[in-house]
Amino acid sequence: MSAGAVISQPGKGGEGMAMQPQGMAPGGPPMMSMPQVVVPAGLPPGLAYLANLDEIRIHQQMELLEVIVGWEKNNRYSICNTQEQQFMFAKEETDCLTRQCCGTARPFVMNITDNQGMNLIQLHRPFRCRGSCLWCCCLQEMEIQSPPGMVVGTVKEVWTCWIPKYRVYDATQQCIFTIVGDCCYCKCCVDVVFKVFDGDSEGQEIGQIVKHWGGCREMFGAANDFSIRLPPNMDLMKKALLFGATFLIDFNFFEYKGNN
């Protein structure tokens, strides 16, 4: 991490509060030093806040126009910690015609920024026809860049007859995660869990991507909430890739299908 990089703790209303170094707090006892965070070469320093998190929460913002008239709008998401403090924001960039014609299968670019608007991650999803359990030629995929322009990994759907399955690859095309969902991902009144396994097997479960039941919003497909649960000591690059994979899962299974 560069000497000028600042790791900021989100404050009330999403405003950043700079973390102070070890020393004496005004009028109080000595402050604890923050664990040193090593950001892999090439990654934006702003990703350092992910390093010590064991849960990331993603909240899609409700778009009333989309719910009422079915007019597809660019998706927007707040990314928060367990105290519901926003530390990142994600916004889809897709033209109007593509959104209305392609629905949830649309190609998109998703820009993920910190609270100061600095670009940290960019997701690129190409257009793919939506297949079925009998089709293996229309599998979904997404490219993850951090910073924008530098490919750090990809997410690829794996063909199965019944269950959702994905593999996450790093920049060298080595499989680092396998994500497996339930055969029934449209359950009512319960959360839907996607298990995250280490490598290309389904042996050791190391985390979960949880799509939370949204109550009345589910009837309209208005907005989705996710939690990513992972070890706090997981490599920062791997956290960023798993975080990015969540957006492809959202579009494939839980996005509003009014225009499909």
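Is Cys-101 buried or exposed? In this predicted model, local features require a pLDDT of at least 70 and side-chain atom pairs count only at pLDDT 80 or more, whereas totals for chains, interfaces and linings use all residues. Residues are numbered from 1 along each chain as its sequence is written, and side-chain values use heavy atoms, with hydrogens and water left out. Cys-101 is exposed, with a relative accessible area of 56%, where exposed denotes over 50% relative accessible area, buried under 20% and partly exposed the range in between (1.4 Å probe, protein chains only).

The protein chain comprises three helices and 16 strands, assigned as DSSP runs (helices, H or I, of at least four residues; strands, E, of at least two) and numbered from the N terminus. Of its 260 residues, 45% count as buried. Among contacts (heavy atoms within 4.5 Å) in the protein chain with a separation of 6 or more, 45% are made by residues 24 or more positions apart.

A barrel is closed by 12 strands in the order β5-β6-β7-β8-β9-β10-β11-β12-β13-β14-β15-β16, with antiparallel pairing; two strands are taken to pair if DSSP finds at least two bridges between them. Neighbouring strands of this sheet are turned by 20 degrees against each other on average, direction ignored. Helix α3 (residues 236-254) packs on the sheet and touches strands including β5 (55-60), β9, β12 (165-170) and β16 (225-229), its direction making about 145 degrees with that of β12; axes are lines fitted to C-alpha atoms, for helices over the stretch in contact, and angles run from 0 to 180 degrees between N-to-C directions. Within the barrel, strand β14 (residues 192-198) pairs with strand β15 (residues 205-212) in the antiparallel sense over six bridges, and Phe-197 has Glu-205 in β15 as its bridge partner.

Leu-123, located in strand β9 (residues 119-125), is buried, with a relative accessible area of 0%. Not counting residues up to four places away in sequence, Leu-123 touches several residues, among them Phe-108, Met-110, Ile-144, Gly-244 and Phe-247. Leu-123 and Ala-90, which are 33 residues apart in sequence, are separated by 9.9 Å in space, C-alpha to C-alpha.

With a disulfide taken as a pair of cysteine sulfur atoms within 2.5 Å, the count comes to zero. Cys-96 is in no disulfide, the nearest cysteine sulfur being that of Cys-101, 8.7 Å away, and Cys-96 counts as partly exposed at 34% relative accessibility. The sulfur of Cys-101 lies 6.2 Å from the closest cysteine sulfur, in Cys-102, which is too far for a bond.
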